[in-house]
Amino acid sequence: MQMQIKIQRWLFSLLIIGALFVGGCGSSPAANSTPTGNPAGEGISLSPSPSPAVVAASSQFSNLPRLEGKATVVMTVKGAPITIELDGTNAPITAGNFVDLIQKGVYDGLVFHRVVREPQPFVVQGGDPQGKDPKFPTARLGTGGFIDPKTSAERRIPLEIKAKGAANPTYSATLQEAGVKEKPVLMHSRGAVAMARSQNPDSASSQFYFTLTDVPFLDGSYAVFGYVKQGMDVVDKIETGDRIDSATVTEGLENFKAAS
């Protein structure tokens, strides 16, 4: 009986990871990156870990926006507010990218294209810029990312996960790939806000998700960058096709550093 329960849990984990994998960031490769081989999905990367595994956010990421500290975002869905605290201390590039896209108005009007509550609560996912067009085919939502007007290419950010006790985040690899045994500082607890990505670890762009329950098997593989502080009841009611009315940075904008 115990073995049967373990197998069922394993199959469920594969099912919902697969659900993430099917609908990820866009197929167009960003500058200096290569296609993932699965342009429509976000999933666990199986690529070899870089050496060294832990790479400081240095000149290679200097062209990306950053959040150096905390910030508060109020996202409104169907007239109801969701208050999110962004953690730029432990995820400066990931949180900075989110703030930058909010400042650009990218999320205003976007649709939540994936809501997974069965057979168990999982995630609510949105952030595909193609969803702003009401005529865009619903079946293709979840394949797009933010096109940077400066480069006319999709902006992609590195996978960024800081382990407990580490001085810097691990970049461009999951913690398992990097050989890091410690758990991440930012865990996939209920109300976590994290970036969706494709098989390529450095493929996150604009798509994000809220976790509807604790999802510990995603820890160390996807970049959490904040948590819902108020309005989780609003998140719990989001349905596929609901739109973001607006998203605004209400506190901490002084901690934001725009792209160079």
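Which residues have the most contacts inside the largest nonpolar core? The legends below begin with that core, as seen in a predicted model.

**View 1. The largest nonpolar core contains 55 residues.** Met75, Leu86, Phe208 and Phe210 are the residues with the most contacts inside this core. Helix H2 (residues 92-103) supplies the largest share of the core, six residues. Apart from this core lies another, made up of eight residues that include Leu159, Leu175, Val180 and Ala223.

**View 2. Surroundings of Phe210.** Neighbours within four places in sequence are left aside here. Phe210 is in contact with Met75, Ile84, Phe112, Phe122 and Val123, and also with Val124, Ala192, Val193, Val228 and Val235.

**View 3. Strand S12 (residues 224-230) and its pairing with S3 and S10.** Five of the seven residues in S12 are buried, and the strand is mostly covered. Strand S3 (residues 80-87) runs antiparallel to S12 and is joined to it by four bridges. Strand S10 (residues 192-195) also pairs with S12 in the antiparallel sense, over three bridges. Tyr227 of S12 stands opposite Glu85, and Tyr227 is also the bridge partner of Ala192.

**View 4. Salt bridge between Lys70 and Glu85.** The whole structure holds eight salt bridges, and one of them joins the side chains of Lys70 and Glu85 at 3.7 Å, N to O. Lys70 belongs to strand S2 (residues 70-77) and Glu85 to strand S3, 15 residues apart. Lys70 has a relative accessible area of 39% and is therefore partly exposed. Glu85, at 28%, is partly exposed as well.

**View 5. Salt bridge between Arg155 and Asp100.** The two side chains meet at 2.6 Å, N to O. Arg155 lies in the loop between strand S7 (153-154) and strand S8 (160-161), whereas Asp100 lies in helix H2, 55 residues apart. Both Arg155 and Asp100 are buried. A network of salt bridges links Asp100, Lys104 and Arg155.

**View 6. Salt bridge between Arg190 and Asp236.** The side chains of Arg190 and Asp236 meet at 2.7 Å, N to O. This pair links distant parts of the chain, 46 residues apart: Arg190 is in the loop between strand S9 (170-171) and S10, and Asp236 is in helix H3 (residues 232-237). Arg190 is partly exposed, because its relative accessible area is 40%. Asp236 is likewise partly exposed, with a value of 30%.

Methods
Residues numbered from 1 in each chain as written. Predicted model: local features only at pLDDT ≥ 70, side-chain atom pairs only at ≥ 80, totals over all residues. Heavy atoms only, no water. Core = buried A, V, L, I, M, F, W, Y, C linked by side-chain atoms within 4.5 Å. Buried < 20%, exposed > 50% of the residue type's maximum accessible area, 1.4 Å probe, protein only. Helix = DSSP H or I, 4+ residues; strand = E, 2+ residues; numbered from the N terminus. Contact = heavy atoms within 4.5 Å. Pairing = 2+ DSSP bridges. Salt bridge = Lys/Arg side-chain N within 4 Å of Asp/Glu carboxyl O.
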